[in-house]
Amino acid sequence: APKEIDTYVNSLKDISEYWYYTFFPYDSNELSNIEKQWVNKLNRIGIGYFRPLVAVALSLKKEVEPNERIYLLKEIERFIFLCFRMAGFNASYKSSYYYNKARDVLQRKTSLKSVADDLMKSIDNDLNAIIVNFIAQTDKRFDSGLGFYGWRGLRYFLFEYESHLSTQYNIQKVDWQMFSKVERDKITIEHILPQTPTKWYWRNQLRHFNEDEIKTLSSSLGNLLPLAQSINSSLQNDSFPDKKNNPSKRRGYINGSHSEIEVAAEEDWNAKSILKRGLKLLEFMEDRWNFNLTDEQKSELLHLDFVNEKRNEIPEIPEPKTINNIG
């Protein structure tokens with residue numbers, strides 16, 4: 001009937017503004033800064049089928065307190081990270097269910113808090129499967145030779161860690177645009193221990209490990225660091241001291257992001273350094289997305305059990321003599 005068409009068209013008109021804000025939250029004069037930040041996070045991680053629910057939530061500006069919307073946005077982000085980026089569940093997992101929830105909220109049949117509670121419960125019920133899947137998929141990535149470098153969620157995760165450090169030090173050094181591009185001067189993922197560690201420094205640091213173990217160390221989570229692509233190219237396979245600070249290069253880790261500066265605080269970079277940083281990053285993951293890993297699960301994820309094995313002492317490899325003593 002004409003009246004129904006009119007109602008439908010007006011409903012589209014009303015919601016279209018908030019649909020736009022799900023893409024460009026900082027264009028809104030109504031959302032709080034924290035709400036804008038969380039909508040931005042959803043766009044970074046890949047909002048997927050949750051966009052209608054977010055648009056409806058934003059449209060309830062006069063009926064719902066910001067804290068209730070923030071609670072929902074946080075649980076959506078947690079659901080996406082754990083179920084899709086960690087566990088690798090099918091992209092349509094529970095899509096019909098949460099499409100219906102968006103409709104129910106729009107029709108005032110349920111509240112945002114109820115949907116957020118439901119998301120939290122769903123995640124908590126799935127946590128065991130999420131962790132098991134994450135470990136199994138990580139095993140496959142190590143079998144392929146990529147390790148954590150092949151994890152789809154790596155950039156988002158490392159950006160969230162950098163943001164965490166930025167909050168601690170109250171200064172932002174990089175933004176997501178740098179993480180999401182691959183052009184010159186954008187962020188790329190650096191292997192601190194190079195994938196092909198040919199220089200004397202690395203051969204000496206890793207003299208106790210075989211070729212397969214060195215490959216695993218290179219692709220383990222603790223060895224991966226975001227930095228500008230042009231810097232990555234200039235550092236290449238340099239020794240760790242040169243990567244930290246080499247006056248002949250444009251800049252090293254010591255002048256970079258918070259993550260780079262944190263790594264630069266290490267005197268040397270070896271197997272134990274990679275294991276220590278990997279554990280630290282997994283602890284951040286637990287705190288940030290509110291779940292727990294056992295020590296055994298962390299060990300399975302990092303693939304570095306061999307690091308603490310007792311080895312026969314091997315004498316240092318003599319440093320090659322060159323004109324500039326480089327290497």
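Reader: Is D104 buried or exposed?

Author: D104 has a relative accessible area of 18%, in a model that is predicted, where local features need pLDDT of at least 70, side-chain atom pairs count only at pLDDT 80 or more, and totals for chains, interfaces and linings use all residues. Residues are numbered from 1 along each chain as its sequence is written, and side-chain values use heavy atoms, with hydrogens and water left out. Since buried means under 20% relative accessible area, exposed over 50% and partly exposed in between, with a 1.4 Å probe and protein chains only, D104 is buried.

Reader: Which residues is D104 in contact with, leaving aside its neighbours within four places in sequence?

Author: D104 has its place in helix α5, residues 95-106, where helices are DSSP runs of H or I with at least four residues, strands are runs of E with at least two, and both are numbered from the N terminus. Contact means heavy atoms within 4.5 Å, and with the neighbours within four places left aside, the partners of D104 are K109 and T110.

Reader: How are α5 and α6 oriented to each other?

Author: The axes, lines fitted to C-alpha atoms over the stretch in contact, with angles from 0 to 180 degrees between N-to-C directions, come within 10 Å and cross at roughly 165°. Angles under 35 degrees count as roughly parallel, over 145 as roughly antiparallel, 65 to 115 as roughly perpendicular and the rest as oblique, so α5 and α6 are roughly antiparallel.
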